[in-house]
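This note sets out a few points on the fold and the surface of the model under review. Please read them alongside the sequence and coordinates.

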Amino acid sequence: MTKLVRAAVLTNYLEVSQYLGFNPRDLLAAVGLSKAQLQAPEHRIPIDAAVRLLEESAAASGCQSFGLSMAESRQLSDFGVVSLLLSHQRTLRDAFQVVVHYRHLLNDSLAIFIEEAGKMVIIREEVVTESPMPSRQATELAIGVMFRLCAALLGTHWHPYSVNFTHQPPDNLQLHRRLFGCNLEFGSEFNGIVCSDASLDMTNPHADPAMARYAQSYLDSLLSHEGPSMLFEVRKAIYLLLPMGRATIEQIAQTQGMNVRTLQRRLKDDGCAFNDLFNDVRRDLVLRYLENPNYSLGRIADMLGYSMASSFTRWFITQFGMPPAAWRSSQKQAAKAPMNPTTLPGSIKP
C-alpha cells in the first residue's frame, strides 16, 4: 500500500517556486501531483512523490536550499488540527510526545528519536520513503520545521547548540545561518538538532491544560483505528537506531511497545522478517554514507554495525557486486562525466 502524508508537508512549495521564478507545472505532473492538491492541506499524497518533487525542484530551479526556503515561513498553524494541542503543551518535551503520538495526523514518514546524554539532548530526524531516493531537501525542510516549532513554543529562550546534517553544505549558507542562528555541522553522523536538556523542560507560558485536554479529545477521535503500518514504523526505527549501534530486535521491539516475539509475529503476519527490513535499511544508508566524502570506509562500517571492515566489504559485495571503494570511485567518475540532456533533474546527489 502506498504511504500517504498530508499535502501540508508541501506548504509554501508554490510560494517558493514563484519567488524563484520557477514554474513547477511539469514537475508536478511528472510526480503525479497538481497545484489543486497542494492547496488542500488535509489531502493525502504519496510521500515518495513529495520527496521526489522537492529534489527535482531544487535541481531545476538551481536553488540548493529549496526545502529550507519552504520551512523559513512555516507557522505553528501549519501543523493543522494538531497545532492547538501543541500550542498548549506545558514543555517542549511534552510537545515532542504529541508529535510522535499524532504523527499519523502530521507526517508519519518522519522518524524522530530524542537521545539524552548528560546535559545535552540530540533530536534525531529522518525522512523515510518507501523507495530509496535522495532526500536532502525533505530532510532540511523537516529539520527547519522542527526548529521553528521549538522557537514558536520557547520564543527567545530557544538557543540550540547546533543543527546537524549528514549531507554536504550548499554553496551559499546565508539562509541556513539566518534561519538557525547557531552552529551548523554538515557531514555529521546524524540529521537533527542538538540542544541543552534544560530546553526540553522550559515552561510554556501560554499553555492551558483545559484547552490541551479538549484538543487531545478531539484528536483522539480522528485517529485511524488501523494505526500506522507496522512494517513502516519498524523501518523508521531502524533508520534512527542503526547509526547509534542500537538497532537490535530487542531495542526495536521496545520502541514499538512490545516484546520480541510479538514483533516477530506482527512482521510475519505482514509477510516480512526483521532481518529483511534491517538489511533493506542498511542498503539505503550505505549508499547515502558512501556519497559523503567526509566518511571513511572504516567509519561507514562502524555506523552500519560492523566491527571489522572486512565483514563490511564482504556484505557490500554480496549486495552490490563490487567492493565499496570501487563503488565510490565509479560514482565519482560518473559525476565528472557530461550530463545526458535526457536525464531527469532528480538525480542530484545529497
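1. Two strands are taken as paired if DSSP finds at least two bridges between them. On that basis β5 (residues 162–164) and β7 pair in the antiparallel sense over three bridges, and Val 163 has Ile 193 as its bridge partner in β7. The model is a predicted one.

2. On the pairing of β4 (residues 120–127) with β7 (residues 192–196), the sense is again antiparallel, with five bridges. Within this pairing, Ile 122 stands opposite Val 194, and Arg 124 has Gly 192 as its bridge partner.

3. How many of the residues of β7 are buried? Five of its five residues are, so that β7 is mostly covered, buried here meaning under 20% relative accessible area. Side chains in a regular strand alternate between the two faces of the sheet. In β7, Gly 192, Val 194 and Ser 196 point one way, whereas Ile 193 and Cys 195 point the other way.

4. At the surface, Val 81, Tyr 218 and Leu 222 form a nonpolar patch with about 250 Å² of accessible area together. Leu 222 belongs to helix α12 (residues 209–222) and is partly exposed, at a relative accessible area of 37%.

Methods: Residues are numbered from 1 along each chain as its sequence is written. This is a predicted model: local features need pLDDT of at least 70, side-chain atom pairs count only at pLDDT 80 or more; totals for chains, interfaces and linings use all residues. Side-chain values use heavy atoms; hydrogens and water are left out. Patches are made of residues with over 30% relative accessible area and no salt bridge: like charges are joined within 9 Å, nonpolar side chains (Val, Leu, Ile, Met, Phe, Trp, Tyr) within 5 Å. Accessible areas come from the Shrake-Rupley method with a 1.4 Å probe; for residues, only the protein chains shown count as cover. A salt bridge is a side-chain nitrogen of Lys or Arg within 4 Å of a carboxyl oxygen of Asp or Glu. Helices (H or I, at least four residues) and strands (E, at least two) are DSSP runs, numbered from the N terminus. Buried means under 20% relative accessible area, exposed over 50%, partly exposed in between (1.4 Å probe, protein chains only).
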